[in-house]
Amino acid sequence: MKGTDVTGLTVELDDLHRHYGDVRALDGLTLHLEPGELVALLGPSGCGKTTALRILAGLDIATSGEVRVGGKDLTRVPANKRDMGMVFQAYSLFPHLTVVDNVAFGLKLRGRGGAERRRRAHEMLELVGLSEHASRYPRQLSGGQQQRVALARALAIEPSVLLLDEPLSALDAKVRVQLRDEIRRIQLDVGTTTLFVTHDQEEALAVADRVGVMSDGRLEQLATPAALYSSPATPFVGAFVGLSNRIPASVSAGTATVLGQPIPVLPGSAADTGVALVRPEAVSVAASESGAATVVAVSFRGPVSQVTVDIEGTLVIAQVASGIALALEPGQRVSVSVDPAPVLVVAD
Amino acid sequence: MRWVRPLVLLAFAAFFFAPLWSLLDFSTKDFLTGGRTGDHWRALVENQEVRDAIVTSLELAVLTVALMLVLLLPTMIWVRLRVPQASRLVEFLCLLPLTVPPLVIVVGINGVYSWVNYFLGGSALTLTFVYVVLVLPFAYRALDASLSSIDVTTLAEAARSLGAGWLTVIARVVAPNVVSGVLSAAFISVALVLGEFTFSSLMHFDTLPVRIVLLGKGDIGASMAASLATLLLTALLLVALSLLDRRRSTRAE
């Protein structure tokens with residue numbers, strides 16, 4: 001469907017502030033999206049990610065800062081003049097219109113002729129796999145189908161930017177994964193620059209070109225999913241993205257000593273002592289009578305399992321192959337080692 | 001206990017239909033001979049003043065519904081979307097007429113009506129303004145319930161993101177989804193206007209309820225016929241509106 005002639009535009013949010021009385025929902029957010037890129041904004045509830053998206057959509061007004069799309073300043077442009085497609089968390093299809101009329105709604109407002117509207121609406125419904133439901137009403141569709149129609153409706157107007165505000169959070173787990181992959185496929189197909197807001201890190205890491213982690217109205221880090229996971233820039237990102245062990249460490253000359261092993265530290269680490277944020281998959285365990293650690297629990301998780309060990313009062317989780325994990329028993333002595341990949345050391 | 005339900009229904013039916021039956025009985029009774037006669041109904045139909053009063057009351061009902069909807073619906077939608085903090089104030093203002101006795105309103109409004117009469121003439125249709133105030137509390141409740149049943153904010157934001165201006169949002173997105181509330185507000189307004197006596201009588205306008213009372217002073221049979229005719233007319237209007245609502249719902253299925 002590259003034939004839809006949609007070309008992604010750059011999106012720039014510069015030094016956005018949004019204050020509600022004393023509450024600072026956004027506190028100097030700067031975020032740039034490349035043309036055709038899908039960026040996920042990730043963060044806990046109340047971190048300001050939805051506020052940022054609403055300001056980009058024109059549904060909220062920034063206290064200060066600038067919004068530019070394709071180099072054009074849209075800061076004071078009302079929502080209906082911004083040419084952005086949006087999918088909401090709540091089901092937002094118009095209940096009195098059929099599926100095809102919902103999809104064609106934006107085109108009608110743009111004065112497109114009836115035949116063109118119908119053709120484009122059916123094209124979009126085909127894209128989301130719902131062309132056979134064109135004459136149904138929203139209440140006759142499941143939640144997942146409704147969100148797919150909402151996506152088709154948002155894309156029908158050939159928006160300059162696609163905004164997704166937690167579109168999957170009201171759906172059950174299986175549909176969520178299906179639709180998540182479908183959104184990514186369609187986004188790659190049409191090439192629209194997309195901002196995807198979510199609190200689900202698995203979702204963000206799975207679909208985005210880059211993920212922005214937000215906290216307290218600020219962007220903590222914007223990086224590819226792999227970089228975000230392996231090289232967190234701040235303690236917040238290290239703790240928020242994925243599961244991390246907090247193992248006491250001392251730092252000297254760019255090297256941390258973690259469980260007696262020298263490991264390089266990531267930029268932004270503490271200067272002397274603190275705790276190293278170590279991923280469970282970076283920890284290995286092996287049965288050893290002379291080992292310094294004791295197995296506390298073994299938790300089967302399919303091909304890989306989690307082993308919780310106690311090292312001098314510190315609980316450490318290791319993610320190891322189930323074949324190794326299931327041979328261990330609580331109370332057994334084990335030796336523990338850490339992969340020498342760089343870690344972030346933060347103040348305790 | 002299977003017979004309890006039919007028995008209760010029967011008791012209610014008797015309670016509602018007994019007065020109607022009595023009206024029919026009275027309005028067809030020849031008080032001299034004790035037999036049946038259509039004279040009272042004939043007198044009613046041939047009475048030009050009654051016919052005029054019926055037309056006036058129907059016109060008032062239509063105008064009241066129209067003005068109430070034009071004022072109230074966009075206001076309520078706008079308050080929900082743009083100034084939700086004002087919703088309590090609007091609710092208070094709309095419910096206020098319930099708390100003020102009609103007599104007090106009439107006394108208060110007489111001064112205003114000298115201006116209304118000056119600018120618009122002394123037509124009974126100027127009662128529309130008072131009737132809009134009278135039906136506000138009931139219409140507000142019906143529309144409020146309907147608006148609460150949909151996610152107005154999300155629908156409006158979705159429409160805005162697709163390029164809709166505020167007028168389009170109200171007229172083409174929100175209003176079509178609260179039609180059942182609009183019809184309920186219209187039902188109750190029509191019923192109230194067709195039965196309203198106090199205002200029109202005290203303000204010396206000749207509406208159907210006023211004419212029925214006047215008629216009762218001269219020809220009790222015709223007065224009964226007029227009362228029954230009013231009840232049937234109101235019931236017919238309400239059934240027609242309700243059928244309209246049902247047809248709309250069926251079409252939307």
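How do H3(B) and H11(B) lie to each other, roughly parallel or roughly antiparallel?

Author: First, a caution. This is a predicted model, where local features need pLDDT of at least 70, side-chain atom pairs count only at pLDDT 80 or more, and totals for chains, interfaces and linings use all residues. Residues count from 1 along each chain as its sequence is written, while chains are lettered from A and ligands numbered from 1 in the order in which they are written.

Now the pair. Helix H3 of chain B covers residues 48-82, and helix H11 of chain B covers residues 208-218. Both are DSSP runs, numbered from the N terminus (helices are H or I, at least four residues; strands are E, at least two). The two helices pack at about 155 degrees, with their axes 8 Å apart. Axes are lines fitted to C-alpha atoms, for helices over the stretch in contact, and angles run from 0 to 180 degrees between N-to-C directions. H3(B) and H11(B) are therefore roughly antiparallel to each other. The bands are these: under 35 degrees is roughly parallel, over 145 roughly antiparallel, 65 to 115 roughly perpendicular, and the rest oblique.

Which residues touch? H3(B) brings B:Glu49, B:Val50, B:Ala53, B:Ile54 and B:Ser57. H11(B) answers with B:Leu208, B:Arg211 and B:Leu215. Contact here means C-beta atoms, placed from the backbone, within 7 Å. By class, five of the residues in this contact are nonpolar, one is polar and two are charged. (Ala, Val, Leu, Ile, Met, Phe, Trp, Tyr, Cys and Pro count as nonpolar, Asp, Glu, Lys and Arg as charged, and the others, Gly among them, as polar.)

Step back to the rest of chain B. It has twelve helices and zero strands. The C-alpha trace spans about 75 × 60 × 30 Å along its principal axes. The domain assignment gives domain 1 at 1-37 and domain 2 at 47-252 of chain B; such bounds come from an automatic or database assignment. The centres of the two domains of chain B, taken over C-alpha atoms, are 31 Å apart. Six residues of domain 1 of chain B contact six residues of domain 2 of chain B. On the domain 1 side, four are nonpolar, one is polar and one is charged.

Chain B also meets chain A. There, 17 residues of chain B are in contact with 19 residues of chain A. On the chain B side, two elements give two or more residues: helix H7 (152-161) and helix H8 (166-174) of chain B. H7(B) gives the most, with six residues. The chain B side divides into eight nonpolar, six polar and three charged residues.

Helix H3 (residues 114-127) and helix H4 (residues 143-156) of chain A pack at about 135 degrees, with axes 9 Å apart. That angle makes H3(A) oblique to H4(A). From H3(A) come A:Arg120, A:Ala121, A:Met124, A:Leu125 and A:Leu127. They meet A:Ala152, A:Leu155 and A:Ala156 of H4(A). This contact has seven nonpolar residues, no polar ones and one charged.

Six strands of chain A form an open sheet in the order S6-S7-S8-S3-S9-S10, with mixed pairing. Two strands count as paired if DSSP finds at least two bridges between them. Strand S6 (84-87) and strand S10 (218-223) of chain A stand at the edges with a single partner strand each, so one side of each has no neighbour in the sheet. Neighbouring strands are turned by 20 degrees against each other on average, direction ignored. Inside the sheet, strand S7 (residues 161-165) and strand S8 (residues 193-198) of chain A pair in the parallel sense over five bridges. One bridge sets A:Leu162 against A:Thr194 of S8(A). H4(A) packs on this sheet, touching S6 and S7 of chain A, and its direction makes about 175 degrees with that of S6(A).

Further along chain A come two hairpins. Strand S16 (residues 293-300) and strand S17 (residues 304-311) run antiparallel, joined by seven bridges. Three residues lie between S16(A) and S17(A), and A:Gly302 in that turn has a positive phi of about 95 degrees. S17(A) then runs antiparallel to strand S18 (residues 314-321) of chain A, over eight bridges. This second hairpin leaves two residues between its strands, and A:Glu312 in the turn has a positive phi of about 45 degrees.

How values were computed: Contact = placed C-beta atoms within 7 Å.
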